Amino acid sequence: MSVTQQQVLDSLARIKSPRGVALTNANVLSPISASDGKVFFSINVDAAEARAWESIRVEAEATVRAIPGVTTVMVALTAERKPGSAPPPPTPSRGTPGVQPVHAHKPPQGGGSPMSRQSEIPGVAAVIAVASGKGGVGKSTTALNLALGLRDHGLKVGLLDADIYGPSMPRLTGLRDKPELNNERKMIPLRRFGLAIMSIGFLVEEETAMIWRGPMVMSAVTQMLRDVEWGQLDVLVVDMPPGTGDAQLTLAQNVPLKGAVIVSTPQDLSLIDARRGLAMFRKVNVPVLGIVENMSYFQCPHCGTRSDIFGHGGAQHEAEKLGVPFLGEIPLHMAIRATSDAGTPVVDSEPDGPYAAIYRAIAGQVRDQLKGVIAAA
Ligand code: ADP
């Protein structure tokens, strides 16, 4: 039985909001996404009101869950600070999942570490981002194969597909199941290749995910970070949405990142985008672990000959200039595209091949940089 937006709205109309009117008339609801029994929406209020609305969020979630045919509900409370208003209360570390003040456009002030405002994910030693200045450079392919490379180095690894505009983990992993809920109503990540994997693409159709608005990006990612039973992980790799806009900046600032890997192609344009990515992470005091050059050179699938069709060494040169590690170059090769798009990533499906070795070498450098953090945890 499929649930309609109207059914959801009808049930929400019965909830009285702190503004004295029905929730549906309080002018706080985002568009409702309802497909296949999965319902998502957000309640958008001012940061100063956020605490008063948390119980409404919980009530809304329970009410919608009670509609016959609903299998998954995610209601996010997003709080935006009005310019000039007092800072919102500190983000609660536990107990109120779904409340995540959004500090869009506001990098941390003063010398304090942004970590102080970002509670850690229990059980997860290090969260790292894989980012790119623009789409289509192979960021998701790199994120998954990097995660597998880290696995091959003996680490317990999770992968969060935070690219809610275009989640690609269902395609790259072949996973199509819907995450189950545990007794605490936390989502249990799907498992494949020895990784714990979570993607908004497991919950909504791709087209639905594309229409999510700015503040919802943060709240959806927050819920996938915090309302998921990740278990004990050494590293959680977050596949970021491409680009360096407000949504990405807010994520970089609010997710407790221990570092970021930037994926770039060798073309100059993409390097400019990569530089923007670098600047974004520096702005929010997240260490850049290094740059990966993807589609670095063309390797002929027939004769194995290497052609530097975009020139060579651009990213390495750029990394040196910017003072960040150059983690390695990955060729443009049929095997990487084919395995990626077939849901059988090359590090897992061809573990003894040359590409797996390249990804593992990159993962080794990332692991080395995170050693201290992982050991401390
Ligand atoms: P992004 O996440 O940056 O949008 P994807 O990882 O989805 O990019 O990759 C875009 C396309 O490029 C996919 O079809 C993928 O299989 C392909 N691709 C990525 N990296 C490589 C590579 N090194 N060689 C060949 N194809 C690649």
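Student: Which glycine follows helix 10, and near what value is its phi?

Tutor: This is a predicted model in which local features need pLDDT of at least 70, side-chain atom pairs count only at pLDDT 80 or more, and totals for chains, interfaces and linings use all residues. Residues are numbered from 1 along each chain as its sequence is written, and side-chain values use heavy atoms, with hydrogens and water left out. Helices are DSSP runs of H or I with at least four residues, strands are runs of E with at least two, and both are numbered from the N terminus. The residue after helix 10 is glycine 343, whose phi is positive, near 75 degrees.

Student: Which element gives the most residues to the shell around the ligand?

Tutor: The ligand is surrounded by 17 residues, a residue being near if one of its heavy atoms lies within 4 Å. Helix 3, strand 11, strand 13 and helix 10 each supply at least two of the shell residues. With 4 residues, the element that gives the most is helix 10.

Student: How far from an oxygen atom of the ligand does a polar side-chain atom of aspartate 341 lie?

Tutor: A polar contact here is a pair of N or O atoms within 3.5 Å. For aspartate 341, the distance is 3.0 Å.

Note on methods. A polar contact is a pair of N or O atoms within 3.5 Å; within protein, one must be able to donate a hydrogen and the other to accept it, and residues adjacent in sequence count only if both atoms are side-chain atoms.
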